[in-house]
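Q: I would like to learn how to read some features of a model. Could we go through them one by one?

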Amino acid sequence: MPPPLMQVQGLSVAAGGQIVQQGLDFEVRRGEVLVIVGPSGCGKSTLLRHLVGLEQPATGRVLFDGQDLHQGAEAPRAALRRRFGVMFQAGALWSSMTLGENLMLPLRLFTALDAAERERRARFKLALVGLNGGFDLLPAQLSGGMRKRAALARALALDPELLMLDEPGSGLDPLNAARLDELVLHLRQYLGTTVLMVTHEIASVFAVADRALFLDPQERRMTAIGPPQELLAHGPAAVRAFLGRAATA
Amino acid sequence: MNSAAPASPSHTSAWRLEQGVWMLHLAGTAGLDVAAPSVDISRRACIDATALKGWDIGLAASLWDLRARLQRQGLQVEWSGLPAGLAELLALAQAGEAAREPAAAVRPVPGHALHEARLTITFFGEVLIALARWLGGAARVRGSDVLQQLDQTGPRSAPIVLLSCALVGVMLAYMGGAQLERIGAQGFLAGVVTVGMVRELAGLMTGVILSGRVGAAFAAQLATMRAGEEIDALRVLGVDPVVHLVLPRLLALLLMAPALLAFGALAGIAAGAVPATLVYGVGASEYLQQSLRALTATHLWIGLFKGLLYAALVALAGCREGLHAGRSAEAVGRATTAAVVKALVWIVTAACATTVAFTAMGY
C-alpha cells in the first residue's frame with residue numbers, strides 16, 4: 001500500500017485562543033475522498049485551516065507527503081502548499097479579477113507556461129466545472145452555484161494532488177449541491193485527485209465519501225472514522241444518531 | 001406563550017426555614033424578587049410550586065435566574081410541584097447551559113494595546129522585507145495593479161487636494177498678512193505663504209485628504225478581501241499578501257504624492273496671492289518674485305520628504321488595518337475608521353517630529 005498523502009498526528013486546533021478539537025490522529029489515503037463531518041460549530045473549518053497551513057497547531061503536526069506543513073522555512077512550505085488546491089467556504093475568488101484571471105494568476109506566478117497556454121488551461125478548467133463562457137466574468141456577476149464551481153476550478157488551477165473543499169454545498173439548493181458532489185466524484189475519477197472535504201451536509205457524505213471522520217463538539221475530539229454506511233450501522237451512538245437523522249430525513 | 005392558566009395578580013414570596021431546609025412557596029403567577037437566604041443556616045433550598053396557578057415566560061426567567069443565584073452562593077436547590085411545561089422549559093435551558101464545557105485556553109491573550117503595537121511593528125517589518133525583495137528582484141509587483149491604484153489615488157484625489165490647499169493658502173495669507181502688517185513687513189508675505197505651503201502645509205493637507213479618501217478605501221478593500229477569505233486563498237498558494245496587495249498600493253501613493261504635493265503647493269501659493277494683493281497691497285509681480293526668492297532647494301526637498309512620508313504612512317495605516325481586520329461586515333467598518341484615525345495620528349506625530357528634527361539640524 002502506498003504511503004498516505006497526508007498524516008495528522010496528535011493535532012490540537014484552536015480558535016479564538018481556545019482548543020476546539022484535540023488529539024486528532026488520522027491519515028488521508030491517496031485517491032480517496034475523505035469527508036470531515038460534524039455538527040455546526042464543532043471546528044471542521046478550523047481544522048481545515050490548520051490542514052492547509054493557514055494556522056499553527058496548538059500541539060501535534062500535519063505531514064504532507066512526509067513533510068511537516070508547519071515547521072521549517074516558509075519557501076519550501078509554500079511549495080508544499082501549492083501541491084494542494086483549496087476551495088474556501090465563501091469561494092474566496094479574487095473579486096477584482098475575472099474568472100480567467102483568477103485561474104491564470106497561480107499559473108503565471110508558479111509555472112513557466114506562456115500566456116496562451118495559461119489561458120488555454122484556465123478555459124479548460126472552467127469548462128470542466130461547467131463554466132465555459134465564464135472566462136471574462138467577474139465573481140460579482142455569478143450566482144452562488146456558479147461561484148462555488150468557479151472556486152473549484154481555481155482550486156484545480158495548479159493540478160493539485162489533494163483537493164480540499166470547505167463546505168462546498170453550503171448555501172446551495174439540493175439540486176445544485178448534488179451536482180457539485182457529482183462534479184467532485186468526476187474530478188476524482190478523471191484527474192485522480194485525492195479529495196478532503198469538510199461538510200455538515202449528510203447527503204454529501206453518503207454521495208461522495210469513501211471514509212468519513214466524525215468530530216464531536218462536546219468531547220472536542222474525533223469519535224469515529226470509516227465508510228459512512230459502516231458508521232451508520234456500527235458507529236458510536238452519537239454518530240449513528242447524526243448520520244441516521246439526515247439519512248432518514 | 002405557554003401558560004397553564006390565565007395570569008393572576010403577583011404575590012410576594014419569602015423564604016421560610018422548615019425542618020432545616022429553606023423553603024420558598026410559590027403561588028399565583030408571581031414574578032420573583034427575593035434575595036437568596038443565608039447559607040450559614042442551611043445549604044439546602046427547596047422551591048415548592050405546588051400552589052402555582054399559572055406561569056408565563058417571565059416567571060420561567062425569574063426561576064432560572066434565582067436558581068443560578070442560589071447555586072452561585074453554594075445552595076443545593078430542589079424543585080417540587082413545577083407545572084409540566086415550566087419544568088420542561090427549565091430543563092431545556094439547563095441542557096443548553098450544560099451542552100458545552102468551557103474550552104481549554106491555548107495561550108493567554110495579551111493586552112489589546114500591546115497586541116496592536118506588536119501587529120503594527122510586525123507589519124512594518126514585513127513591508128520593509130517585501131520592499132527589499134522587490135528591489136532585489138526576488139518579488140514581483142504587477143504593473144497593472146500599480147496602475148489601477150494610481151488611477152484610484154491620483155486623479156480622483158487631485159481636485160479635493162487642490163481645493164483644500166488653496167483654502168489653506170488663503171488662510172495663511174490672511175493670518176500672516178495681519179501679523180506682518182503690524183510691523184509694516186507685508187513684503188515678506190509671499191515668502192511666508194510659499195515656505196509655509198511648500199515645506200509644511202501642502203504635504204500635511206495632502207496627507208490628511210489621502211487618509212480620508214485613499215487610506216480608508218485601502219482598509220475597506222483589504223478588510224473585505226479578508227472577510228471573503230480572498231487573502232487566505234493567496235496565502236495558501238504561497239503568494240505574499242504584502243507583496244501582492246500592499247506594495248502596489250504603497251508604490252502608487254509614493255508615485256502620486258509628489259505630483260499632488262506640487263499641485264497642492266502651487267494652488268496654495270496662487271490662492272494666497274489673492275488676499276496678498278487685494279487686502280495687503282502686495283503687487284502681483286512682487287508676490288511672484290518674493291515667492292521664487294523664498295523657494296530654496298532645502299524647502300523643496302524637506303517638503304517632498306515630508307509629503308512622501310505622510311503618503312507612506314497613509315498607505316501603511318490603511319493596509320495594516322485592512323489586512324488585520326476581523327472577518328465580518330462590522331470589522332470592515334472598524335478597520336476603515338481605525339485606518340483614518342491611525343493615519344491622522346501618525347501624520348501629525350511625524351509632522352511634529354520632522355519639524356523639530358529639521359530645525360534642530362539647522363534646516
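**Reading the features**

A: We can begin with a helix pair: Glu126(B), Val127(B), Ala130(B), Leu131(B), Arg133(B) and Trp134(B) of helix 3 of chain B meet Val242(B), Val243(B), Val246(B) and Leu247(B) of helix 8 of chain B. Sorted by class, this contact has 8 nonpolar, no polar and 2 charged residues. Note that the model is predicted.

Q: At roughly what angle do the axes of helix 3 and helix 8 of chain B cross?

A: The general idea is that an α-helix has 3.6 residues a turn, so residues three or four places apart point the same way. Here the axes of helix 3 (residues 112-135) and helix 8 (residues 241-278) of chain B cross at roughly 90° and come within 10 Å. Helix 3 of chain B is therefore roughly perpendicular to helix 8 of chain B, since angles of 65 to 115 degrees count as such.

Q: Which strands of the chain B sheet stand at the edges, and why is one side of each without a neighbour?

A: In general, strands of a sheet pair through backbone hydrogen bonds, either parallel or antiparallel. In chain B, 4 strands form an open sheet in the order 1-2-3-4, and the pairing is mixed. Strand 1 (15-18) and strand 4 (76-80) of chain B are at the edges; each has a single partner strand, so one of its sides has no neighbour in the sheet. From one strand to the next, the twist averages 30°.

Q: How many bridges join strand 3 to strand 4 of chain B?

A: Strand 3 (residues 44-48) and strand 4 of chain B run parallel and are joined by 5 bridges. Asp48(B) stands opposite Ser80(B), a residue of strand 4 of chain B.

Q: Which elements of chain A give two or more residues to the side that touches chain B?

A: First the totals: 22 residues of chain A are in contact with 18 residues of chain B. Strand 2 (18-28), helix 2 (74-81) and helix 3 (99-110) of chain A each give two or more residues to that side of chain A. The residues on this side of chain A comprise 15 nonpolar, 4 polar and 3 charged.

Terms used:
Residues are numbered from 1 along each chain as its sequence is written. Chains are lettered from A and ligands numbered from 1 in the order in which they are written. This is a predicted model: local features need pLDDT of at least 70, side-chain atom pairs count only at pLDDT 80 or more; totals for chains, interfaces and linings use all residues. Two residues are in contact if their C-beta atoms, placed from the backbone, lie within 7 Å. Ala, Val, Leu, Ile, Met, Phe, Trp, Tyr, Cys and Pro count as nonpolar, Asp, Glu, Lys and Arg as charged, and the others, Gly among them, as polar. Axes are lines fitted to C-alpha atoms, for helices over the stretch in contact, and angles run from 0 to 180 degrees between N-to-C directions. Angles under 35 degrees count as roughly parallel, over 145 as roughly antiparallel, 65 to 115 as roughly perpendicular and the rest as oblique. Two strands pair if DSSP finds at least two bridges between them.
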